[in-house]
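Subject: Structure for your review

Dear colleague,

Please find below the structure that I am handing over to you. My notes on it follow, and I would be grateful if you read them with the model open.

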Amino acid sequence: MPSDLQRARIGQYLGEAQAEHMKLLSEFLSMPSVSNDPENVRLCGQWLAQLMQQCGLNAELFETGGNPILVGRLGVETRSAPTVLLYAHYDVQPPGPISAWVSQPFEPEVRDGSLFARGAADDKSQILAILLAIRTLLATDVPIPNNLILLFEGEEEAGSPNLPEFCLAHLSSLRADIALAIDGKRHYTEVPTLRFGIRGGLSIDVRVKTAPDDLSLSYQNIAQNAAVEIAHLAASLFRDDGKVAVPGFEEGIIPPTDEEESWLRDLEFDTSILREETGLPLPDGFDTVDFMRETIFSSVLNVTGLSAGYSGDGHKSSIPNSGLLKIDCRLALGQEPTLVLQQVEQYLRHCCRTGMIEINVDHRHPPSRTNATDPRVRWFIKAFKDAVAEDVALIPSFGGTGPHKVFVDTLEAPLIWVALPQADCNTHRANENIRLDVFFEGIELMCKLLLSSGLPRGTAEDQHCRGSAWHDENLGTQKTDR
Ligand SMILES: [Zn+2]
(Lines give C-alpha, C1' and ligand atoms only; values in the text may rest on other atoms or scores of the structure.)
Protein backbone atom coordinates (compact mmCIF):
# COMPACT_ATOMS: atom_id res chain seq x y z
CA MET A 1 0.00 0.00 0.00
CA PRO A 2 1.37 3.48 -0.75
CA SER A 3 1.99 5.80 2.20
CA ASP A 4 -0.17 8.89 2.74
CA LEU A 5 2.65 11.02 1.37
CA GLN A 6 2.92 8.89 -1.77
CA ARG A 7 -0.84 9.02 -2.20
CA ALA A 8 -0.76 12.80 -1.94
CA ARG A 9 2.03 13.02 -4.54
CA ILE A 10 0.04 10.81 -6.93
CA GLY A 11 -3.10 12.92 -6.39
CA GLN A 12 -1.24 16.17 -7.04
CA TYR A 13 0.44 14.82 -10.16
CA LEU A 14 -2.85 13.55 -11.61
CA GLY A 15 -4.56 16.87 -10.90
CA GLU A 16 -1.84 18.88 -12.63
CA ALA A 17 -1.65 16.52 -15.61
CA GLN A 18 -5.41 16.42 -16.33
CA ALA A 19 -5.33 18.77 -19.32
CA GLU A 20 -2.45 16.87 -20.88
CA HIS A 21 -4.14 13.51 -20.29
CA MET A 22 -7.25 14.83 -21.97
CA LYS A 23 -5.21 16.02 -24.96
CA LEU A 24 -3.57 12.60 -25.34
CA LEU A 25 -6.96 10.87 -25.22
CA SER A 26 -8.33 13.15 -27.97
CA GLU A 27 -5.25 12.59 -30.11
CA PHE A 28 -5.48 8.80 -29.69
CA LEU A 29 -9.20 8.82 -30.55
CA SER A 30 -8.63 10.91 -33.70
CA MET A 31 -6.79 7.97 -35.28
CA PRO A 32 -9.21 5.77 -37.26
CA SER A 33 -7.55 2.46 -36.30
CA VAL A 34 -10.39 0.26 -37.56
CA SER A 35 -9.11 -3.34 -37.58
CA ASN A 36 -9.61 -3.81 -41.33
CA ASP A 37 -7.75 -0.60 -42.23
CA PRO A 38 -4.13 -1.80 -41.86
CA GLU A 39 -2.52 1.50 -42.80
CA ASN A 40 -4.31 3.50 -40.13
CA VAL A 41 -3.92 0.76 -37.53
CA ARG A 42 -0.16 0.80 -38.17
CA LEU A 43 0.06 4.61 -37.82
CA CYS A 44 -1.83 4.35 -34.55
CA GLY A 45 0.45 1.53 -33.36
CA GLN A 46 3.54 3.62 -34.11
CA TRP A 47 2.09 6.56 -32.18
CA LEU A 48 1.30 4.26 -29.26
CA ALA A 49 4.78 2.69 -29.25
CA GLN A 50 6.24 6.19 -28.92
CA LEU A 51 3.90 7.00 -26.07
CA MET A 52 4.89 3.77 -24.32
CA GLN A 53 8.54 4.84 -24.51
CA GLN A 54 7.65 8.28 -23.16
CA CYS A 55 5.84 6.64 -20.25
CA GLY A 56 9.05 4.87 -19.24
CA LEU A 57 8.57 1.46 -20.85
CA ASN A 58 10.89 -0.47 -23.04
CA ALA A 59 8.53 -0.73 -26.04
CA GLU A 60 8.78 -2.73 -29.24
CA LEU A 61 6.52 -3.07 -32.27
CA PHE A 62 6.30 -6.61 -33.67
CA GLU A 63 5.15 -7.51 -37.16
CA THR A 64 2.60 -10.31 -37.48
CA GLY A 65 0.71 -11.73 -40.46
CA GLY A 66 -1.73 -8.85 -39.87
CA ASN A 67 -1.61 -5.70 -37.73
CA PRO A 68 1.38 -5.09 -35.43
CA ILE A 69 1.47 -6.16 -31.78
CA LEU A 70 3.15 -3.84 -29.27
CA VAL A 71 5.01 -5.13 -26.25
CA GLY A 72 6.22 -2.91 -23.43
CA ARG A 73 8.34 -4.09 -20.52
CA LEU A 74 9.24 -2.72 -17.13
CA GLY A 75 11.71 -4.39 -14.79
CA VAL A 76 11.30 -7.88 -16.29
CA GLU A 77 14.96 -8.35 -17.22
CA THR A 78 16.51 -6.59 -14.27
CA ARG A 79 14.46 -7.44 -11.23
CA SER A 80 13.31 -10.58 -9.50
CA ALA A 81 9.65 -10.05 -8.72
CA PRO A 82 6.33 -11.52 -9.84
CA THR A 83 5.36 -10.46 -13.36
CA VAL A 84 1.95 -9.09 -14.32
CA LEU A 85 0.95 -9.09 -17.99
CA LEU A 86 -1.51 -6.38 -19.03
CA TYR A 87 -3.43 -6.95 -22.26
CA ALA A 88 -5.52 -4.43 -24.22
CA HIS A 89 -6.24 -3.57 -27.88
CA TYR A 90 -5.70 -0.39 -29.90
CA ASP A 91 -7.86 -1.30 -32.90
CA VAL A 92 -11.51 -0.29 -32.96
CA GLN A 93 -14.81 -1.43 -34.48
CA PRO A 94 -15.93 0.25 -37.72
CA PRO A 95 -18.12 3.28 -36.88
CA GLY A 96 -21.23 1.91 -38.67
CA PRO A 97 -23.69 4.34 -40.29
CA ILE A 98 -22.32 7.87 -39.73
CA SER A 99 -25.86 9.28 -39.72
CA ALA A 100 -26.44 7.59 -36.33
CA TRP A 101 -23.60 9.62 -34.74
CA VAL A 102 -24.24 13.07 -33.26
CA SER A 103 -20.60 14.07 -33.94
CA GLN A 104 -18.04 12.49 -36.29
CA PRO A 105 -16.68 9.16 -34.90
CA PHE A 106 -13.04 10.18 -35.34
CA GLU A 107 -13.41 13.82 -34.29
CA PRO A 108 -13.67 13.48 -30.51
CA GLU A 109 -16.20 15.86 -28.98
CA VAL A 110 -17.06 16.59 -25.34
CA ARG A 111 -20.78 16.83 -24.53
CA ASP A 112 -22.28 16.83 -21.04
CA GLY A 113 -19.06 15.68 -19.39
CA SER A 114 -18.44 12.75 -21.77
CA LEU A 115 -16.04 12.39 -24.67
CA PHE A 116 -17.68 10.89 -27.77
CA ALA A 117 -15.65 8.97 -30.38
CA ARG A 118 -15.20 5.43 -31.71
CA GLY A 119 -12.83 3.65 -29.31
CA ALA A 120 -13.56 6.07 -26.43
CA ALA A 121 -14.48 3.13 -24.19
CA ASP A 122 -13.36 0.10 -26.19
CA ASP A 123 -10.48 0.16 -25.64
CA LYS A 124 -8.43 3.34 -26.04
CA SER A 125 -9.30 5.14 -22.79
CA GLN A 126 -8.41 1.91 -20.98
CA ILE A 127 -5.00 1.53 -22.72
CA LEU A 128 -4.27 5.14 -21.91
CA ALA A 129 -5.25 4.65 -18.27
CA ILE A 130 -2.64 1.86 -17.96
CA LEU A 131 0.12 3.94 -19.56
CA LEU A 132 -0.66 7.14 -17.68
CA ALA A 133 -0.81 5.25 -14.38
CA ILE A 134 2.67 3.82 -15.02
CA ARG A 135 3.97 7.25 -15.97
CA THR A 136 2.43 8.77 -12.85
CA LEU A 137 4.01 6.21 -10.51
CA LEU A 138 7.43 6.57 -12.14
CA ALA A 139 7.22 10.38 -12.09
CA THR A 140 6.22 10.47 -8.42
CA ASP A 141 8.85 7.89 -7.35
CA VAL A 142 6.30 5.42 -6.02
CA PRO A 143 7.79 1.95 -6.55
CA ILE A 144 5.74 -0.51 -8.63
CA PRO A 145 6.04 -3.86 -6.80
CA ASN A 146 5.76 -6.12 -9.85
CA ASN A 147 7.48 -6.46 -13.17
CA LEU A 148 5.17 -5.51 -16.00
CA ILE A 149 4.64 -6.77 -19.52
CA LEU A 150 2.18 -4.81 -21.65
CA LEU A 151 0.74 -6.54 -24.70
CA PHE A 152 -1.35 -4.34 -27.00
CA GLU A 153 -3.03 -5.94 -29.97
CA GLY A 154 -4.29 -4.32 -33.22
CA GLU A 155 -6.77 -7.03 -34.31
CA GLU A 156 -8.99 -7.83 -31.34
CA GLU A 157 -12.10 -6.60 -33.13
CA ALA A 158 -11.23 -8.91 -36.04
CA GLY A 159 -11.03 -12.00 -33.81
CA SER A 160 -7.31 -11.80 -32.80
CA PRO A 161 -6.22 -14.05 -35.70
CA ASN A 162 -2.48 -13.63 -35.07
CA LEU A 163 -2.36 -13.46 -31.28
CA PRO A 164 -2.12 -17.23 -30.56
CA GLU A 165 0.79 -17.68 -32.96
CA PHE A 166 2.53 -14.58 -31.59
CA CYS A 167 2.22 -15.80 -28.00
CA LEU A 168 3.53 -19.22 -28.97
CA ALA A 169 6.52 -17.70 -30.79
CA HIS A 170 7.36 -15.39 -27.83
CA LEU A 171 6.53 -17.79 -25.05
CA SER A 172 9.58 -17.23 -22.87
CA SER A 173 9.53 -13.44 -23.10
CA LEU A 174 5.80 -13.24 -22.29
CA ARG A 175 5.93 -15.44 -19.19
CA ALA A 176 3.86 -13.91 -16.42
CA ASP A 177 2.35 -15.00 -13.11
CA ILE A 178 -0.99 -13.40 -13.78
CA ALA A 179 -2.57 -11.70 -16.80
CA LEU A 180 -5.06 -8.82 -16.70
CA ALA A 181 -7.10 -7.77 -19.73
CA ILE A 182 -8.09 -4.13 -19.39
CA ASP A 183 -11.29 -4.15 -21.41
CA GLY A 184 -15.07 -4.36 -21.10
CA LYS A 185 -17.40 -2.09 -19.13
CA ARG A 186 -18.45 -1.86 -15.50
CA HIS A 187 -21.50 -3.37 -13.91
CA TYR A 188 -24.35 -0.83 -14.04
CA THR A 189 -23.83 0.07 -10.34
CA GLU A 190 -20.45 1.50 -11.50
CA VAL A 191 -18.40 -0.42 -8.92
CA PRO A 192 -15.04 -1.69 -10.24
CA THR A 193 -15.80 -4.86 -12.17
CA LEU A 194 -13.82 -8.07 -12.68
CA ARG A 195 -14.74 -10.81 -15.14
CA PHE A 196 -13.15 -14.22 -15.45
CA GLY A 197 -13.98 -15.62 -18.85
CA ILE A 198 -15.58 -15.32 -22.23
CA ARG A 199 -18.02 -17.37 -24.27
CA GLY A 200 -16.69 -18.93 -27.43
CA GLY A 201 -17.55 -17.41 -30.80
CA LEU A 202 -18.19 -18.93 -34.20
CA SER A 203 -19.16 -16.84 -37.25
CA ILE A 204 -20.35 -18.72 -40.31
CA ASP A 205 -21.31 -17.52 -43.81
CA VAL A 206 -23.69 -19.77 -45.76
CA ARG A 207 -24.16 -19.18 -49.48
CA VAL A 208 -26.59 -20.89 -51.82
CA LYS A 209 -26.52 -20.64 -55.56
CA THR A 210 -29.38 -22.01 -57.63
CA ALA A 211 -28.39 -20.88 -61.16
CA PRO A 212 -25.50 -19.01 -62.86
CA ASP A 213 -27.67 -15.86 -63.04
CA ASP A 214 -31.09 -14.50 -62.07
CA LEU A 215 -33.77 -16.06 -64.26
CA SER A 216 -36.95 -14.75 -65.82
CA LEU A 217 -40.15 -15.57 -63.95
CA SER A 218 -41.25 -17.73 -66.86
CA TYR A 219 -38.87 -20.44 -65.57
CA GLN A 220 -40.47 -20.43 -62.13
CA ASN A 221 -41.95 -23.90 -62.32
CA ILE A 222 -38.67 -25.56 -63.22
CA ALA A 223 -36.07 -23.37 -61.41
CA GLN A 224 -35.19 -23.16 -57.71
CA ASN A 225 -35.36 -19.83 -55.91
CA ALA A 226 -32.32 -18.84 -53.78
CA ALA A 227 -34.32 -16.36 -51.66
CA VAL A 228 -36.80 -19.08 -50.69
CA GLU A 229 -33.96 -21.51 -50.02
CA ILE A 230 -32.10 -19.06 -47.73
CA ALA A 231 -35.31 -18.37 -45.80
CA HIS A 232 -35.92 -22.14 -45.54
CA LEU A 233 -32.40 -22.74 -44.17
CA ALA A 234 -32.72 -19.91 -41.64
CA ALA A 235 -36.06 -21.27 -40.41
CA SER A 236 -34.72 -24.85 -40.28
CA LEU A 237 -32.17 -23.82 -37.66
CA PHE A 238 -34.91 -23.41 -35.02
CA ARG A 239 -37.61 -25.65 -33.65
CA ASP A 240 -41.16 -24.40 -33.10
CA ASP A 241 -40.35 -23.58 -29.46
CA GLY A 242 -37.46 -21.33 -30.58
CA LYS A 243 -34.70 -23.73 -29.44
CA VAL A 244 -31.79 -24.53 -31.76
CA ALA A 245 -32.68 -27.50 -33.97
CA VAL A 246 -29.09 -28.56 -34.79
CA PRO A 247 -28.66 -32.04 -33.27
CA GLY A 248 -26.11 -32.13 -30.42
CA PHE A 249 -25.70 -28.34 -30.38
CA GLU A 250 -25.88 -27.96 -26.60
CA GLU A 251 -23.97 -31.09 -25.68
CA GLY A 252 -20.97 -30.88 -23.36
CA ILE A 253 -21.80 -27.59 -21.64
CA ILE A 254 -20.12 -27.34 -18.23
CA PRO A 255 -22.43 -25.84 -15.57
CA PRO A 256 -21.26 -22.97 -13.34
CA THR A 257 -19.56 -23.83 -10.05
CA ASP A 258 -21.26 -23.11 -6.70
CA GLU A 259 -18.88 -20.18 -6.21
CA GLU A 260 -19.74 -18.68 -9.60
CA GLU A 261 -23.44 -19.00 -8.80
CA SER A 262 -22.83 -17.29 -5.45
CA TRP A 263 -21.09 -14.35 -7.19
CA LEU A 264 -24.21 -13.94 -9.29
CA ARG A 265 -26.46 -13.86 -6.26
CA ASP A 266 -24.26 -11.07 -4.82
CA LEU A 267 -24.71 -8.88 -7.91
CA GLU A 268 -27.29 -6.17 -7.88
CA PHE A 269 -29.83 -6.55 -10.63
CA ASP A 270 -32.61 -4.28 -11.78
CA THR A 271 -35.08 -5.76 -14.26
CA SER A 272 -36.48 -2.32 -15.06
CA ILE A 273 -33.06 -1.08 -16.27
CA LEU A 274 -32.73 -4.12 -18.49
CA ARG A 275 -36.28 -3.63 -19.79
CA GLU A 276 -35.48 -0.02 -20.62
CA GLU A 277 -32.13 -0.85 -22.22
CA THR A 278 -33.43 -3.67 -24.39
CA GLY A 279 -37.13 -2.91 -24.85
CA LEU A 280 -37.83 -6.55 -23.96
CA PRO A 281 -40.96 -7.50 -21.97
CA LEU A 282 -39.09 -9.36 -19.21
CA PRO A 283 -41.25 -11.14 -16.65
CA ASP A 284 -41.29 -9.86 -13.06
CA GLY A 285 -39.12 -12.02 -10.84
CA PHE A 286 -36.53 -12.44 -13.61
CA ASP A 287 -33.34 -12.14 -11.56
CA THR A 288 -29.55 -11.97 -11.93
CA VAL A 289 -29.10 -15.72 -11.86
CA ASP A 290 -31.75 -16.24 -14.57
CA PHE A 291 -30.26 -13.44 -16.64
CA MET A 292 -26.67 -14.66 -16.34
CA ARG A 293 -27.61 -18.29 -16.86
CA GLU A 294 -29.06 -17.31 -20.21
CA THR A 295 -26.42 -14.82 -21.27
CA ILE A 296 -23.11 -16.29 -20.07
CA PHE A 297 -23.61 -19.94 -19.13
CA SER A 298 -25.73 -21.01 -22.13
CA SER A 299 -24.94 -21.20 -25.80
CA VAL A 300 -26.81 -19.43 -28.54
CA LEU A 301 -27.10 -19.62 -32.31
CA ASN A 302 -28.08 -16.40 -33.99
CA VAL A 303 -29.06 -15.50 -37.54
CA THR A 304 -27.42 -12.09 -37.83
CA GLY A 305 -28.37 -11.38 -41.42
CA LEU A 306 -29.77 -12.80 -44.60
CA SER A 307 -29.93 -11.44 -48.12
CA ALA A 308 -31.19 -12.57 -51.50
CA GLY A 309 -33.09 -11.11 -54.43
CA TYR A 310 -34.34 -7.56 -54.77
CA SER A 311 -35.72 -5.50 -51.89
CA GLY A 312 -35.65 -1.97 -53.31
CA ASP A 313 -38.64 0.13 -54.43
CA GLY A 314 -41.10 -1.45 -56.83
CA HIS A 315 -40.72 -5.03 -58.03
CA LYS A 316 -38.16 -6.90 -60.09
CA SER A 317 -39.66 -9.83 -61.95
CA SER A 318 -36.91 -12.41 -61.75
CA ILE A 319 -35.96 -15.53 -59.78
CA PRO A 320 -33.03 -14.80 -57.44
CA ASN A 321 -30.08 -17.12 -58.10
CA SER A 322 -27.98 -16.57 -54.97
CA GLY A 323 -28.47 -15.91 -51.28
CA LEU A 324 -26.41 -15.37 -48.13
CA LEU A 325 -27.14 -16.34 -44.54
CA LYS A 326 -24.93 -15.08 -41.72
CA ILE A 327 -24.81 -17.07 -38.51
CA ASP A 328 -23.10 -16.18 -35.24
CA CYS A 329 -22.85 -18.60 -32.34
CA ARG A 330 -21.85 -17.89 -28.74
CA LEU A 331 -20.55 -21.05 -27.16
CA ALA A 332 -20.67 -21.95 -23.49
CA LEU A 333 -17.79 -23.51 -21.59
CA GLY A 334 -17.34 -27.12 -22.68
CA GLN A 335 -18.38 -26.59 -26.30
CA GLU A 336 -15.76 -27.07 -29.02
CA PRO A 337 -16.03 -24.60 -31.95
CA THR A 338 -14.76 -27.19 -34.45
CA LEU A 339 -17.34 -29.75 -33.36
CA VAL A 340 -20.16 -27.17 -33.37
CA LEU A 341 -19.12 -26.11 -36.87
CA GLN A 342 -19.32 -29.73 -38.03
CA GLN A 343 -22.77 -30.13 -36.46
CA VAL A 344 -24.12 -26.93 -38.03
CA GLU A 345 -22.58 -27.71 -41.42
CA GLN A 346 -23.89 -31.27 -41.49
CA TYR A 347 -27.37 -30.13 -40.49
CA LEU A 348 -27.53 -27.32 -43.07
CA ARG A 349 -26.36 -29.65 -45.86
CA HIS A 350 -29.07 -32.07 -44.79
CA CYS A 351 -31.74 -29.30 -44.86
CA CYS A 352 -30.63 -27.69 -48.11
CA ARG A 353 -32.91 -28.77 -50.96
CA THR A 354 -30.85 -27.34 -53.82
CA GLY A 355 -27.56 -29.06 -53.05
CA MET A 356 -25.62 -25.94 -54.03
CA ILE A 357 -24.45 -24.68 -50.67
CA GLU A 358 -21.12 -23.23 -49.58
CA ILE A 359 -20.18 -22.83 -45.92
CA ASN A 360 -17.26 -20.68 -44.71
CA VAL A 361 -16.04 -19.76 -41.24
CA ASP A 362 -15.25 -16.13 -40.65
CA HIS A 363 -13.73 -16.47 -37.20
CA ARG A 364 -13.83 -18.69 -34.15
CA HIS A 365 -12.80 -18.41 -30.50
CA PRO A 366 -12.96 -21.27 -28.01
CA PRO A 367 -14.88 -20.56 -24.77
CA SER A 368 -12.69 -20.22 -21.69
CA ARG A 369 -12.95 -19.33 -18.02
CA THR A 370 -10.23 -18.78 -15.46
CA ASN A 371 -10.37 -21.12 -12.51
CA ALA A 372 -11.34 -18.94 -9.56
CA THR A 373 -9.77 -21.36 -7.08
CA ASP A 374 -6.26 -20.74 -8.47
CA PRO A 375 -4.29 -19.17 -5.57
CA ARG A 376 -3.10 -16.33 -7.82
CA VAL A 377 -6.69 -15.46 -8.64
CA ARG A 378 -7.60 -15.53 -4.95
CA TRP A 379 -4.71 -13.20 -4.14
CA PHE A 380 -5.59 -10.83 -6.93
CA ILE A 381 -9.24 -10.53 -5.95
CA LYS A 382 -8.33 -9.82 -2.34
CA ALA A 383 -5.53 -7.37 -3.19
CA PHE A 384 -7.74 -5.56 -5.69
CA LYS A 385 -10.62 -5.26 -3.22
CA ASP A 386 -8.21 -3.92 -0.55
CA ALA A 387 -6.67 -1.45 -2.99
CA VAL A 388 -9.89 0.05 -4.32
CA ALA A 389 -11.50 -0.06 -0.86
CA GLU A 390 -15.01 -0.43 -2.19
CA ASP A 391 -17.37 -3.10 -3.44
CA VAL A 392 -16.21 -5.00 -6.47
CA ALA A 393 -18.55 -6.76 -8.91
CA LEU A 394 -17.34 -10.30 -9.63
CA ILE A 395 -18.87 -11.62 -12.87
CA PRO A 396 -17.91 -15.16 -13.93
CA SER A 397 -17.81 -14.39 -17.65
CA PHE A 398 -18.63 -12.05 -20.49
CA GLY A 399 -21.62 -12.97 -22.62
CA GLY A 400 -19.47 -11.96 -25.58
CA THR A 401 -16.26 -13.44 -26.88
CA GLY A 402 -12.59 -12.50 -27.09
CA PRO A 403 -9.06 -13.80 -26.59
CA HIS A 404 -8.85 -15.70 -23.29
CA LYS A 405 -7.73 -19.27 -23.81
CA VAL A 406 -4.40 -18.18 -25.30
CA PHE A 407 -3.44 -16.61 -21.96
CA VAL A 408 -4.51 -19.48 -19.73
CA ASP A 409 -3.39 -22.30 -22.03
CA THR A 410 -0.41 -21.01 -24.02
CA LEU A 411 1.03 -18.52 -21.52
CA GLU A 412 -0.27 -20.48 -18.50
CA ALA A 413 -1.28 -17.30 -16.67
CA PRO A 414 -4.77 -16.98 -15.20
CA LEU A 415 -6.55 -14.12 -17.00
CA ILE A 416 -8.85 -11.63 -15.27
CA TRP A 417 -10.69 -8.85 -17.10
CA VAL A 418 -10.72 -5.45 -15.41
CA ALA A 419 -13.23 -2.91 -16.77
CA LEU A 420 -12.94 0.87 -16.40
CA PRO A 421 -15.74 2.56 -18.48
CA GLN A 422 -19.27 3.17 -17.25
CA ALA A 423 -21.97 0.71 -18.33
CA ASP A 424 -23.77 3.05 -20.78
CA CYS A 425 -20.66 3.77 -22.88
CA ASN A 426 -22.22 2.45 -26.15
CA THR A 427 -19.44 -0.01 -26.95
CA HIS A 428 -19.57 -1.11 -30.62
CA ARG A 429 -22.52 1.25 -31.20
CA ALA A 430 -22.96 4.79 -32.49
CA ASN A 431 -22.08 7.59 -30.04
CA GLU A 432 -19.56 5.50 -28.08
CA ASN A 433 -18.28 7.59 -25.17
CA ILE A 434 -16.32 7.70 -21.95
CA ARG A 435 -17.42 9.91 -19.07
CA LEU A 436 -14.48 12.18 -18.25
CA ASP A 437 -14.74 11.67 -14.49
CA VAL A 438 -14.65 7.91 -15.14
CA PHE A 439 -11.55 8.29 -17.35
CA PHE A 440 -9.64 10.35 -14.76
CA GLU A 441 -10.73 8.00 -11.97
CA GLY A 442 -9.72 5.10 -14.20
CA ILE A 443 -6.10 6.32 -14.23
CA GLU A 444 -6.20 6.47 -10.43
CA LEU A 445 -7.76 3.02 -10.29
CA MET A 446 -4.98 1.68 -12.52
CA CYS A 447 -2.40 3.25 -10.15
CA LYS A 448 -4.05 1.36 -7.27
CA LEU A 449 -4.14 -1.83 -9.29
CA LEU A 450 -0.45 -1.58 -10.20
CA LEU A 451 0.45 -0.97 -6.56
CA SER A 452 -1.80 -3.74 -5.28
CA SER A 453 0.40 -6.31 -7.02
CA GLY A 454 -2.21 -9.06 -6.90
CA LEU A 455 0.51 -11.35 -5.63
CA PRO A 456 1.78 -11.75 -2.09
CA ARG A 457 4.16 -8.94 -1.30
CA GLY A 458 7.65 -9.72 -0.13
CA THR A 459 7.62 -13.36 -1.13
CA ALA A 460 9.49 -12.85 -4.38
CA GLU A 461 12.14 -10.39 -3.20
CA ASP A 462 15.16 -12.66 -3.59
CA GLN A 463 13.82 -15.36 -5.80
CA HIS A 464 12.87 -15.92 -9.35
CA CYS A 465 9.28 -16.40 -10.25
CA ARG A 466 8.06 -18.87 -12.77
CA GLY A 467 9.71 -22.24 -12.86
CA SER A 468 11.49 -21.49 -9.59
CA ALA A 469 11.22 -23.04 -6.17
CA TRP A 470 9.36 -19.86 -5.11
CA HIS A 471 6.82 -20.27 -7.86
CA ASP A 472 6.27 -23.99 -7.26
CA GLU A 473 6.06 -23.66 -3.49
CA ASN A 474 3.79 -20.65 -3.47
CA LEU A 475 1.67 -21.18 -6.50
CA GLY A 476 2.02 -24.82 -7.42
CA THR A 477 1.99 -25.97 -11.01
CA GLN A 478 -1.72 -26.43 -11.48
CA LYS A 479 -3.37 -25.52 -14.76
CA THR A 480 -5.63 -22.53 -14.59
CA ASP A 481 -8.18 -23.30 -17.27
CA ARG A 482 -11.00 -25.73 -16.94
ZN1 LIG B 1 -12.54 -4.37 -26.46
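Does D112 count as buried or exposed? At 82% relative accessibility, D112 counts as exposed; buried means under 20% relative accessible area, exposed over 50%, and partly exposed in between, with a 1.4 Å probe and protein chains only.

Some conventions apply to what follows. This is a predicted model, in which local features need pLDDT of at least 70 and side-chain atom pairs count only at pLDDT 80 or more, while totals for chains, interfaces and linings use all residues. Residues are numbered from 1 along each chain as its sequence is written, and side-chain values use heavy atoms, with hydrogens and water left out. Helices (H or I, at least four residues) and strands (E, at least two) are DSSP runs, numbered from the N terminus.

Backbone geometry

D112 is found in the loop between β4 (109–111) and β5 (114–116), and its phi is near 50°, a positive value in a residue other than glycine. E412 also has a positive phi, near 55°. E412 is placed in the loop between α11 and β18 and, at 35% relative accessibility, counts as partly exposed. A cis peptide bond, with omega about 15°, joins D122 and D123; D123 is found in helix α3 (residues 120–139). As background, most residues other than glycine have a negative phi, and most peptide bonds are trans.

The sheet

An open sheet is formed by 8 strands in the order β1-β2-β6-β3-β7-β18-β8-β17, with mixed pairing; two strands pair if DSSP finds at least two bridges between them. β1 (58–62) and β17 (393–395) stand at the edges, each with a single partner strand, so one side of each is left without a neighbour in the sheet. From one strand to the next, the twist averages 20°. Axes here are lines fitted to C-alpha atoms, for helices over the stretch in contact, and angles run from 0 to 180 degrees between N-to-C directions.

Helix α10 (residues 375–388) packs on the sheet, where it touches β7 (178–182), β8 (193–195), β17 and β18 (415–419). Contact means heavy atoms within 4.5 Å. The direction of α10 makes about 20° with that of β18. Within the sheet, strands β2 (residues 69–74) and β6 (residues 147–153) run antiparallel and are joined by 5 bridges. The bridge partner of R73 in β6 is I149.

Salt bridges

The structure holds 19 salt bridges, a salt bridge being a side-chain nitrogen of Lys or Arg within 4 Å of a carboxyl oxygen of Asp or Glu. Among them is the pair K326 and D205, whose side chains meet at 2.9 Å, N to O. K326 lies in strand β14 (residues 322–331) and D205 in strand β10 (residues 200–209), so the pair ties together parts that are 121 residues apart in sequence. D205 is buried, with a relative accessible area of 15%, whereas K326 is partly exposed at 33%.

E259 and R378 also form a salt bridge (2.9 Å, N to O). Since E259 lies in helix α6 (residues 258–266) and R378 in helix α10, this pair ties together parts that are 119 residues apart in sequence. E259 counts as partly exposed at 25% relative accessibility, and R378 is partly exposed with a relative accessible area of 37%.

The side chains of D409 and K405 meet in a salt bridge of 3.5 Å, N to O. Being 4 residues apart in helix α11 (residues 405–410), D409 and K405 are separated by about one helical turn.

Helix α9

Helix α9 (residues 337–351) has 15 residues and reaches 21 Å from its first C-alpha to its last, close to the 21 Å expected at 1.5 Å a residue; the expected span is 1.5 Å times one less than the number of residues. Its buried residues are P337, V340, L341, Q343, V344, Y347, L348 and C351. They cover an arc of only 165° around the axis, which puts them on the same side of α9; the arc is that of the directions from the helix axis to the C-beta atoms. These buried residues pack against β10, α5 (226–236), β12 (300–308), β14 and β15 (357–365). On the other side of α9, Q346 and H350 are exposed.

With kind regards
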